[in-house]
Amino acid sequence: MLTSVDTDLIRVLADPLRLQIVTLLAKETLCTTHLVEETGARQTNLSNHLRVLREAGIVETEPCGRFTYYKLRADVIASLAGQFAELAESARSAAGNKRSCP
């Protein structure tokens, strides 16, 4: 049964740039330089968003020489998707429920 959807993760992913970063990382592991090129964001702005994503547990880092690569944690996204799937199932099941007005 659905307890609640993770509102903290939703808040983190609600930012358009962070969602764009997550979408890019869903396709491949990228370093900050790649993400700057792909998004057009300034490096400092991008680093701040990556920090938020990392602290939320959505991405993980992989040091590689003087670069840091970022990888999407698919399990976190799958968990959030599962929560939404449960919410949708609950809504389908309750479609006929209607509370009467006093």
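This is a predicted model: local features need pLDDT of at least 70, side-chain atom pairs count only at pLDDT 80 or more; totals for chains, interfaces and linings use all residues.

1. Two strands are taken to pair if DSSP finds at least two bridges between them, while helices (H or I, at least four residues) and strands (E, at least two) are DSSP runs numbered from the N terminus.

2. Residues are numbered from 1 along each chain as its sequence is written, and side-chain values use heavy atoms, with hydrogens and water left out.

3. The sheet as a whole is open and has 3 strands in the order β1-β3-β2, with antiparallel pairing. Its edge strands are β1 (30-31) and β2 (59-64), each of which pairs on one side only. Against this sheet packs helix α2 (residues 16-25), which touches β1, β2 and β3 and whose direction makes about 85 degrees with that of β3. Helix α4 (residues 43-55) lies across β2 and β3 and runs at about 115 degrees to β2. For these angles, axes are lines fitted to C-alpha atoms, for helices over the stretch in contact, and the values run from 0 to 180 degrees between N-to-C directions.

4. Between β2 and β3 there are 6 bridges, again in an antiparallel arrangement. The two strands form a hairpin with 2 residues between them, and G65 in the turn has a positive phi of about 65 degrees. C64 has F67 as its bridge partner in β3, and E60, which is found in strand β2, stands opposite K71 in β3. At 34% relative accessibility E60 counts as partly exposed, the classes being buried under 20% relative accessible area, exposed over 50% and partly exposed in between, with a 1.4 Å probe and protein chains only. Leaving aside neighbours within four places in sequence, E60 is in contact (heavy atoms within 4.5 Å) with Y69, Y70, K71 and R73.

5. Which residues of α2 are buried? They are L17, R18, I21, V22, L24 and L25. Seen down the axis of α2, these buried residues fall within an arc of 160 degrees, so they line one face of the helix; the arc is that of the directions from the helix axis to the C-beta atoms. At the start of the same helix α2, a side-chain oxygen of D15 reaches to within 2.9 Å of the backbone nitrogen of L17.

6. L17 is buried, with a relative accessible area of 14%, and, apart from neighbours within four places in sequence, is in contact with T39, A41, N45 and H49. H49, which is found in helix α4, counts as buried at 11% relative accessibility. Not counting residues up to four places away in sequence, H49 touches D15, L17, R18 and I21.

7. T32 lies in helix α3, residues 32-39, and counts as buried at 14% relative accessibility. Beyond neighbours within four places in sequence, the contacts of T32 are Q43, L46, S47, L50, T68 and Y70.

8. How many disulfides does the structure hold? There are 0, a disulfide being a pair of cysteine sulfur atoms within 2.5 Å. The sulfur of C31 is 8.8 Å from the closest cysteine sulfur, in C64, which is too far for a bond. C31 counts as buried at 3% relative accessibility, whereas C101 counts as exposed at 71%.

9. The C-alpha atoms of L17 and T33 are separated by 15 Å, the residues being 16 apart along the chain. For E60 and E86, 26 residues apart along the chain, the C-alpha separation is 26 Å.

Definitions and conventions:
A polar contact is a pair of N or O atoms within 3.5 Å; within protein, one must be able to donate a hydrogen and the other to accept it, and residues adjacent in sequence count only if both atoms are side-chain atoms.
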